[in-house]
Each structure stands twice: as structure tokens, then as C-alpha cells.
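Hi,

Here is the structure I promised to pass on to you.

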Amino acid sequence: MDSTLPTASGDPVDSEDTPMVHSSGDPHDTDNEASASAPPDLPDAAIYNILIRLPPSCVTRSKLTCKDWLSMISHRSFKRGHRATWSHLPPATGVLLFDGSARYPATVLDESGSPRLSLRRWGAEPKDGYTVQYCCGPLACLRTGHGNAQLLHPATGRSLVLGGGSRRGHPSTWTGADTLPWYCLGRCAATHRYKVVRLDVRLPFGRAPHMTCDVLTVGRDSWDAASGRFHARWEEVGPWDGKFFPTGRGVQVAGVVYYLSWFVPGVCVVISFDLHTHRSYPIRPPGTDADLVASPPMSLVELDGRLCVSQVGGGGAEMRVYALGDEAQPGAVREWTLMYRFELEGNARAQDAGEARGRLALLPRRR
Amino acid sequence: MAAPESGDGNNGAARMVTLISSDNTRFEVEAAAASLSQTLQLTILDGGGGGGDGIPLPNVDSATLSKVLEYCIKHAPAAANGGAPNATAVDRAELERFDNEFVNIDQSVLYSLIMAAHNLEIEGLQSLVAKKVADMIKGKSPMEIRRTLGFPDPTPEEQAEMNAHMLEYGWAYE
């Protein structure tokens, strides 16, 4: 049934899980698509004149029209000229992506603040929806109702299905299992490739938890030049250490994905997973006592390019945010620095601090 | 220099020049209108184009040239006033209306105009046609832009290249 649904034209459509993307109607759309006159061989200066007049949201999008446009728009002198032309506008508008059951879980706003593109679900069933897993740079990683990972470029509406939905191992008895697998999107610090980490957890009845971790690299070689199609190659990373039971989708900071994981019930540690080496290490979170017998409720979040942990302490009366320091030398213990301390009213939970209940916002980058 | 539009002209009648299109049609226009073209301006200042000789324009056909001159004649008075400090709002509105009407044309004519405006270096016309094309492709996806502008469909290689670019570099507007 899904294959009959409309998709944005020209998208690299790879499977039935493609989100429907709507370009809101353009008032200038009266001009026909039909008048395919001879391909104009316009001089660069004329094309420059045209592209410089496209508003910021469109010029990014039109990069993919052809190679010539791509190289022109990517050029530094064009960027300078374009920024000068459009300097009267506020900086590029953010993109908001929402989780959950909203009819339009993702919306892109343009310069005028009006929604330009909406990603929407097409059925009433939760399995037809999308969950935002993680945003990195201009891309968002979504999880479809069928458990597949999908990359979305919200500014253009282009999307790419990465698969990964088929699950291995024993069936789970865990009621939270239908939110699995978890995906996290990051950019490898060494190769600058985007990578998606897939984490799946099975809790077979009466057995030890079974966790699997796979990584998919998205790069030039993932595309078959002859057919122009994408080949998703998930690479299995050695077994996840069964001592650590991840609690969520992870947070990516500078090429490392961090997972808050249960060590034993009541005690959390942070597991770092390096996107380049594919190795993982435990990091003791702040405020945990030396014997690892208790840790306060906490959540992970990225702030200003650093990994932060927010913790609720004092019986729910205050929240502390700690930032993880750099590794002074290889293998050295990484220190946490207390960044903020807030007084809380009532019994707020740490959960509300960072990922405001599964809601993420992509904010515009400053120059 | 009270009357820059007449150049070194002396008596009441405005100086005329002759332009010859690629298909050998002759157009006689006021020098002030033709001087909107940076390319022609120098020739005209040198005294060319007058009398019987005329200025040949091998890159512009007669249909396009007449369209271009329609623009130039309309815009010459405002341009001669040097940004029109004494132009009224009515004049400006009238020019704007004219411009909107002017580019409401077939796409092939539009392309010829882009080329002519480029070759003749008529700044106002260059912006006008560029804005028109920008409006045509605004808000469209790359594929729709290709179709609107009549580009051929991308080859699989080109498509793969573009997709790879999108994912390898992202493309935030920085």
C-alpha cells in the first residue's frame, strides 16, 4: 500500500518507508512544467544573477539541481555575495522536528516564518509515524514505525531509507521493545563521514539481556554509480558489553556517541562509543559514589559541543549540569565540571532538562 | 551637464542611433535609450551609430532586440534623471507595472532576453529577468527546477554524485 503514496519528486526513494514531503504551494507556480524549451546554456554571470536572488532557504535547496550550480553556490564568493544581498533578513530560520503522534511531526519554516515543508505521517497507526532519533549538522535521523532508520534533510525534504529494521536474536519480553532499535547519527571525527549507530536490546525471558550494535557509514561509496541507488551496509560491531544496559538513543558529541546505561539496577554509567574506532568505554558519571552503589536520576544532553549530564539531587530540589572534560592524555580519567545549578520547584525530573521529552530542535548555526 | 541624455547633442531633437540586429533589421532609437547598454554606451559616446552606418549586434535577433529596446525606451527617462530624485511615486509604480508586464512572457523569449541583457550589459534588465527566473524556481525541489528550466534529466552518475554530496558534506548554509 505504501508504494502508491506520493513522494517528493526526485528524492532518492529506496523503499516503502519514505516520508511524504509536502512543498507548500508557491504563488509563482503558475508557470508550467511543460514548456521544456531547449536547455539554456546561460553564461555563468547570468546564472549568478538568478541564484543570488533566491532566498536563503531556496538557494541551499537548489544546490542539487546540477553540478554547475552546486559548485557556484558552494563557492566562497557566492556565499559572500548572497549573504550581503539577503542581509536584511534574520539569520537562517531553524527547523523544528517533533516526535510523537502529531499529524505533522516535522515542519520546516522559511524566512517569513511560514511552514514550507512538512513531513507527515500517513496513517493513524503509531507504526506509520516517525520518531526523531537524532539530529546532526543539517541532517536528522528518524526511525520509522517499521523500525527502519531514515535520514532526512529537512531543508530540502530529501530523505533516504537506511534500513536496519530487521532484528536479530531472541524475541523480547520487554514492553518497551517496540521503541527499538535506537539510532544515533553522528559524524566520524577522523573521516568526516556521517555514521548511524543502531543499538538493539532483547530481553528474552529468563536469560541475560542480548544487545547488538551495528554501524552504517554513509559516504560516496554507498552509492551505486550505475543505478544511482543507495546500498545500506550495516556493519556489526562486536557484542555490546552485557554489563551495561543502554537506556536510550544516545547523544553524539564530536564523533563519539554517549549512552546512559544501567550498570546494576540503581546505578548508571556513561558508555562512550567512538565512531571512528568503534570501541566503547565506560565513564563514571559525576555525583556517583565511589563504590557505585547509587546514582541520582540523570540524563545526557549536548550543550555547546560538550557532553553534559543533568542530575536531580537533594530529593528533587535542585538540578545540576556537569560537562565532560577532554581527555588530558590517552586513557586518563575525564573530569566533570559543574556548569549550572538550578533550584527546582516540586519534584521535577532530570528527564525534563535535556531532551524535553523526545523533542529536539535544530537551531540555526551562527556563522 | 544639464542634459546628459543628449551627450554632445546641441539642438532640441534628441540624437538618434541605429542598431542592426543579427538578421539585418535596422532599429532607430534615441541615443539615451541605447546608452542603457554599457556595451553600446562607449560606441555612442564616440559618436558611432549615427547616420547611415549603424551598430551591428550579431548576437541579438530582431524579435529580442525590439523587446530589449521597448525596455530601454521605457526606462531611459528615469535612468537619465540619475536614479530619479524627482520621480514621483506614480512614475515608479508605473515602471514597476511595466516591468511585471514585460517579463510575463514565454520562457524561450525570457532566455533570449537573458542572453541579450548579458551581452549588451543592461544592468536593470539583467536584474529584472534574473528576478523573474528566481521567482520561477523559488520553493521548488531540484528536480522541479530542472523541469521548469528544461534541463535534461540527470544521468544516474550525476544523481549519485549529488546524493553523495548531500550526505558527505551536509549542506548547511554557512
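Let me start with burial, where a residue counts as buried if 20 or more other C-beta atoms lie within 10 Å of its own, as exposed if 12 or fewer do, and as partly exposed in between, with the C-beta atoms placed from the backbone. Helices (H or I, at least four residues) and strands (E, at least two) are DSSP runs, numbered from the N terminus. This is a predicted model, in which local features need pLDDT of at least 70 and side-chain atom pairs count only at pLDDT 80 or more, while totals for chains, interfaces and linings use all residues. Residues are numbered from 1 along each chain as its sequence is written, and chains are lettered from A and ligands numbered from 1 in the order in which they are written.

**Chain B, overall**

Chain B has eight helices and three strands, arranged along the sequence as β-β-α-α-β-α-α-α-α-α-α. Of its 174 residues, 36% are buried. Two residues are in contact here if their C-beta atoms, placed from the backbone, lie within 7 Å. Taking the contacts in chain B between residues at least 6 apart in sequence, 61% join residues at least 24 apart.

**Helix 7 of chain B**

Why is helix 7 of chain B described as largely enclosed by the rest of the structure? Helix 7 spans residues 142–149 of chain B, and six of its eight residues are buried, so the rest of the structure largely encloses it. The buried ones are Pro142(B), Glu144(B), Ile145(B), Arg146(B), Thr148(B) and Leu149(B). Gly150(B), just after this helix, has a positive phi of about 75 degrees.

**Helices 5 and 6 of chain B**

Helix 5 (residues 107–120) and helix 6 (residues 123–137) of chain B have axes that come within 9 Å and cross at roughly 145 degrees. Axes are lines fitted to C-alpha atoms, for helices over the stretch in contact, with angles from 0 to 180 degrees between N-to-C directions. The crossing of helix 5 of chain B past helix 6 of chain B is left-handed, a term used if the near helix is turned anticlockwise from the far one by less than a right angle (right-handed if clockwise). On the helix 5 side of chain B, Leu110(B), Leu113(B), Ile114(B), Ala117(B) and His118(B) take part, and they meet Leu125(B), Gln126(B), Val129(B) and Lys132(B) in helix 6 of chain B. By class, this contact between helix 5 and helix 6 of chain B has six nonpolar, two polar and one charged residues. Ala, Val, Leu, Ile, Met, Phe, Trp, Tyr, Cys and Pro count as nonpolar, Asp, Glu, Lys and Arg as charged, and the others, Gly among them, as polar.

**The strands of chain B**

Two strands pair if DSSP finds at least two bridges between them. Strand 1 (residues 16–20) and strand 2 (residues 26–30) of chain B are antiparallel, with five bridges, and Leu19(B) has Phe27(B) as its bridge partner in strand 2 of chain B. These two strands of chain B form a hairpin with five residues between them, and Asn24(B) in the turn has a positive phi of about 65 degrees. Strand 1 of chain B also runs parallel to strand 3 (residues 55–56) of chain B, joined by two bridges; there, Ile20(B) is partnered by Pro56(B). Val17(B) and Leu19(B) make up the covered face of strand 1 of chain B, whereas Met16(B), Thr18(B) and Ile20(B) are on the uncovered one.

**The sheet in chain A**

Chain A has an open sheet of four strands in the order 9-10-11-14, paired antiparallel. Strand 9 (182–187) and strand 14 (234–237) of chain A are at the edges with a single partner strand each, so one side of each lacks a neighbour in the sheet. Neighbouring strands of this sheet are turned by 25 degrees against each other on average, direction ignored. Strand 10 (residues 194–202) and strand 11 of chain A are joined by nine bridges, with Arg202(A) opposite His210(A) in strand 11 of chain A. Strand 11 (residues 210–218) has four bridges to strand 14 of chain A; Val215(A) is partnered there by Glu235(A), and Leu216(A) stands opposite Trp234(A).

Best wishes
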